Amino acid sequence: MEKYPSKVSYGLLLFVMVILVGSSIPMLSPPIWLGIGINTFVMVFVLMIFFNLNYIVDGSLLSVKLGFLVIKKIDIHSIKMVAETNSLISAPAVSLDRLEIIYNDHDSVIISPKDKSGFIDHITKVNPEVVIQYKPT
């Protein structure tokens, strides 16, 4: 079993935190405790997502995990292509330096492992038929 933590885009994290903190400031005087509590909960949730997202390869199974929750399981033998992308589509990825995994006939998921080359090597060892598509340099 190999665990690949998600790459974290600190610029993206800063952007989200600035919005959350900025929206909390007007709630301080007079204090609106419910709003402050909701924003604090959302900040903790965002931090949990940013620092607990992992991609686990266990035998021929790829699991996308957020903390103890398994978001998606993919049979590596069903993967057709792994392509580099900067897509902004909502995905279990906390960086804009992403990989799109296309599997089955029309399914895909976008992820952002910190060690992209190690992740790709591991996937191609399990399934050598996977097509790898790099962004043009």
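## Basis and conventions

Helices (H or I, at least four residues) and strands (E, at least two) are DSSP runs, numbered from the N terminus. This is a predicted model, in which local features need pLDDT of at least 70 and side-chain atom pairs count only at pLDDT 80 or more, while totals for chains, interfaces and linings use all residues. Residues are numbered from 1 along each chain as its sequence is written, and side-chain values use heavy atoms, with hydrogens and water left out.

## Overall architecture

The protein chain contains 3 helices and 8 strands, and along the sequence these elements follow the pattern β-α-α-β-β-β-β-β-β-α-β. Taken along the principal axes, the box filled by the C-alpha atoms of the protein chain is roughly 60 × 35 × 25 Å. Where contact means heavy atoms within 4.5 Å, 49% of the contacts in the protein chain between residues at least 6 apart in sequence join residues at least 24 apart.

## Surface, burial and charge

Of the 137 residues of the protein chain, 39% count as buried; here buried means under 20% relative accessible area, exposed over 50%, and partly exposed in between, with a 1.4 Å probe and protein chains only. The protein chain exposes about 8200 Å², and carbon and sulfur atoms supply 65% of that area. These accessible areas come from the Shrake-Rupley method with a 1.4 Å probe, and for residues only the protein chains shown count as cover.

There are 11 positive and 11 negative side chains in the protein chain, and the centres of the two sets lie 7 Å apart. Lys and Arg count as positive and Asp and Glu as negative, whereas His and the chain ends are not counted; the place of a charge is taken as NZ of Lys, CZ of Arg, CG of Asp or CD of Glu.

## The largest pocket

The largest pocket has a volume of about 250 Å³, and of the 13 residues that line this pocket, Ile49, Phe50, Ala91, Ala93 and Val94 lie nearest its centre. Helix 1 (10–24) and helix 2 (33–51) each supply at least two residues of the lining. A pocket is defined on a 1 Å grid over the protein atoms alone as an open set of points where a 1.4 Å probe fits, with protein on both sides within 12 Å along at least five of seven lines, and lining residues have an atom within 4 Å of a point. Grid points are joined across faces, edges and corners, and the volume is the space filled by probe spheres set on the points.

Val42 is found in helix 2 and counts as partly exposed because its relative accessibility is 28%. The C-alpha atoms of Val42 and Leu20 are separated by 8.0 Å, although the two residues are 22 apart along the chain.

Pro30 lies in the loop between helix 1 and helix 2, and the peptide bond from Ser29 to Pro30 is cis, with omega near -10 degrees. Pro31 is found in the loop between helix 1 and helix 2 and is partly exposed, with a relative accessible area of 44%. The C-alpha atoms of Pro31 and Ser90, 59 residues apart along the chain, are separated by 34 Å.

## Residues of the strands and a strand loop

Leu53 has its place in strand 2 (residues 53–58) and is buried, because its relative accessible area is 5%. Beyond residues up to four places away in sequence, Leu53 touches Pro5, Ser6, Val64, Lys65, Leu66, Ile71, Pro92, Ala93 and Val94; Leu53 and Lys65, 12 residues apart in sequence, are 5.8 Å apart in space, C-alpha to C-alpha. Of these partners, Ala93 and Val94 are also among the residues nearest the centre of the largest pocket.

Val70, in strand 4 (residues 69–75), is partly exposed at 40% relative accessibility. Leaving aside neighbours within four places in sequence, Val70 is in contact with Ser63, Val64 and Lys65, while Val70 and Asp58, 12 residues apart in sequence, are 13 Å apart in space, C-alpha to C-alpha.

Asn104 lies in the loop between strand 6 (98–103) and strand 7 (107–111), where this residue has a positive phi of about 55 degrees although it is not a glycine. Asn104 counts as partly exposed, at 35% relative accessibility.
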